[in-house]
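Please open the model in your viewer and keep the selection tool at hand. Each stop below says what to select next and what is there.

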Amino acid sequence: MLAYLFWHRPGPGVEAGDYEEAQRAFHAELGIESACFQVADLPFEAGPGYEDWYLVADWRGLGELNAAAVDARRGPHHDLAAAMAGQGWGGVYAPIGGPPAIPSEASWATKRPGQPLDELLAPVTAETPVWRRQLVLGPAPEICVGSGGVPRTRVWP
């Protein structure tokens with residue numbers, strides 16, 4: 001299982017309601033397990049934005065998601081949402097603890113140089129989803145712990 005995360009903000013002059021409706025339409029058309037959250041701060045930069053989660057089975061599934069997002073059926077929904085976006089950042093994560101679920105709240109962490117992962121995750125319970133970044137595609141933090149964070153507002157589903 002992998003999660004593609006995409007953080008984004010609407011472009012200048014784009015109304016939040018219109019932007020969120022475009023996000024809902026795109027997610028609904030995808031037909032995979034996904035979520036879109038409105039967040040007060042991005043995990044790597046102060047200021048509001050959105051955090052999307054897309055769950056796929058494996059790396060091949062990530063490629064299939066990439067192709068499906070812009071195919072003939074879904075492309076118009078993707079293009080509308082993309083045209084309204086001002087900024088975007090992505091990351092690929094794999095589950096390393098707890099159930100591989102999209103967390104309704106999240107706290108973000110990065111290990112100190114030389115810090116054992118077990119030390120960082122010592123306070124985390126076995127029932128808590130924990131995701132670890134697989135590729136560095138931008139400013140995405142290393143670890144997502146699906147608890148202890150600020151609850152986010154769901155835009156989708």
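This is a predicted model: local features need pLDDT of at least 70, side-chain atom pairs count only at pLDDT 80 or more; totals for chains, interfaces and linings use all residues.

Arginine 74 counts as buried, because its relative accessibility is 12% and the cut-off for buried is under 20%. Aspartate 71 is partly exposed, at a relative accessible area of 27%.

Next, select glutamate 29 and arginine 73. They form a salt bridge, with 2.7 Å between the closest N and O atoms. Glutamate 29 is in helix 1 and arginine 73 is in the loop between helix 2 and helix 3, so this pair ties together parts 44 residues apart in sequence. Both are partly exposed: glutamate 29 has a relative accessible area of 23%, and arginine 73 has 47% relative accessibility.

Go on to arginine 9 and glutamate 45, another salt bridge, whose closest N and O atoms are 2.6 Å apart. Arginine 9 belongs to strand 1 and glutamate 45 to the loop between strand 2 and strand 3, so the pair ties together parts that are 36 residues apart in sequence. Arginine 9 is buried, at 13%, whereas glutamate 45 is partly exposed, at 33%. The salt bridges come to eight in the count.

Now turn to the pockets. Select Tyr4, Phe6, Phe26, Tyr54 and His78, which lie nearest the centre of the largest pocket among its 20 lining residues. Its volume is about 410 Å³. The lining has 15 nonpolar, four polar and one charged residues.

Last, select Val39, Asp41, Ala106, Val150 and Arg152, nearest the centre of the second largest pocket. That pocket has a volume of about 230 Å³.

Technical notes. Residues are numbered from 1 along each chain as its sequence is written. Side-chain values use heavy atoms; hydrogens and water are left out. On a 1 Å grid over the protein atoms alone, a cavity is a set of points where a 1.4 Å probe fits but cannot get out, and a pocket is an open set with protein on both sides within 12 Å along at least five of seven lines; lining residues have an atom within 4 Å of a point. Grid points are joined across faces, edges and corners, and a volume is the space filled by probe spheres set on the points. Ala, Val, Leu, Ile, Met, Phe, Trp, Tyr, Cys and Pro count as nonpolar, Asp, Glu, Lys and Arg as charged, and the others, Gly among them, as polar. A salt bridge is a side-chain nitrogen of Lys or Arg within 4 Å of a carboxyl oxygen of Asp or Glu. Helices (H or I, at least four residues) and strands (E, at least two) are DSSP runs, numbered from the N terminus. Buried means under 20% relative accessible area, exposed over 50%, partly exposed in between (1.4 Å probe, protein chains only).
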